[in-house]
Amino acid sequence: MLDAPTASFVRADGACSAPIPLESLEHGYLAHATSDGQPLPAALGGPLCVLFAAGGPARVENVVALKLESCGA
């Protein structure tokens with residue numbers, strides 16, 4: 001039996017978020033720029049900041065990668 005696929009966000013410091021079910025990813029927002037179009041600064045969680053209303057971690061700052069996993073038994 002296969003487990004549901006998940007994803008984890010990887011931060012620049014190597015830390016990973018808890019696994020998030022793939023179907024929950026559609027409820028997240030990816031912030032990459034300020035309102036004036038400038039790259040999102042580190043002080044605001046840049047270069048990429050992922051925000052979730054539900055179904056995932058509330059906020060993951062300094063994201064550099066998305067790790068997809070599918071586990072089976």
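This is a predicted model: local features need pLDDT of at least 70, side-chain atom pairs count only at pLDDT 80 or more; totals for chains, interfaces and linings use all residues.
Biologist: What share of the residues counts as buried?

Modeller: Of the 73 residues, 22% count as buried.

Biologist: Why is R11 called partly exposed?

Modeller: The relative accessible area of R11 is 33%.

Biologist: What makes D13 exposed?

Modeller: D13 has a relative accessible area of 52%. The word exposed is used over 50%, so D13 counts as exposed.

Biologist: How do you know that R11 forms a salt bridge with D13?

Modeller: The closest N and O atoms of R11 and D13 are 2.5 Å apart. The cut-off is 4 Å, so the pair is a salt bridge.

Biologist: How many salt bridges are there by this rule?

Modeller: The count comes to 3. Another one joins R59 and E61, with 2.6 Å between the closest N and O atoms. E69 and K67 also meet through their side chains, at 3.3 Å from N to O. That value is within 4 Å, so this pair is a salt bridge as well.

Biologist: Are the residues R59 and E61 buried or partly exposed?

Modeller: R59 has a relative accessible area of 43%, and E61 has 34%. Each value lies between 20% and 50%, so R59 and E61 are partly exposed.

Biologist: Where do E69 and K67 stand on that scale?

Modeller: E69 is at 28% and K67 at 41%. Both are therefore partly exposed.

Biologist: Which secondary structure does the chain have?

Modeller: The chain has 0 helices and 6 strands. An open sheet of 3 strands has the order β2-β1-β6, with antiparallel pairing.

Biologist: Why are β2 and β6 called edge strands?

Modeller: β2 (20-21) and β6 (63-69) each pair on one side only, so they are the edge strands of the sheet.

Biologist: What makes β1 and β6 a pair?

Modeller: β1, residues 6-11, and β6 share 6 bridges in the antiparallel sense. At least two bridges are needed, so these strands pair. S8, for example, has K67 in β6 as its bridge partner.

Biologist: What share of the contacts with a separation of 6 or more joins residues 24 or more positions apart?

Modeller: Such residues account for 44% of those contacts.

Terms used
Residues are numbered from 1 along each chain as its sequence is written. Side-chain values use heavy atoms; hydrogens and water are left out. Helices (H or I, at least four residues) and strands (E, at least two) are DSSP runs, numbered from the N terminus. Buried means under 20% relative accessible area, exposed over 50%, partly exposed in between (1.4 Å probe, protein chains only). Contact means heavy atoms within 4.5 Å.
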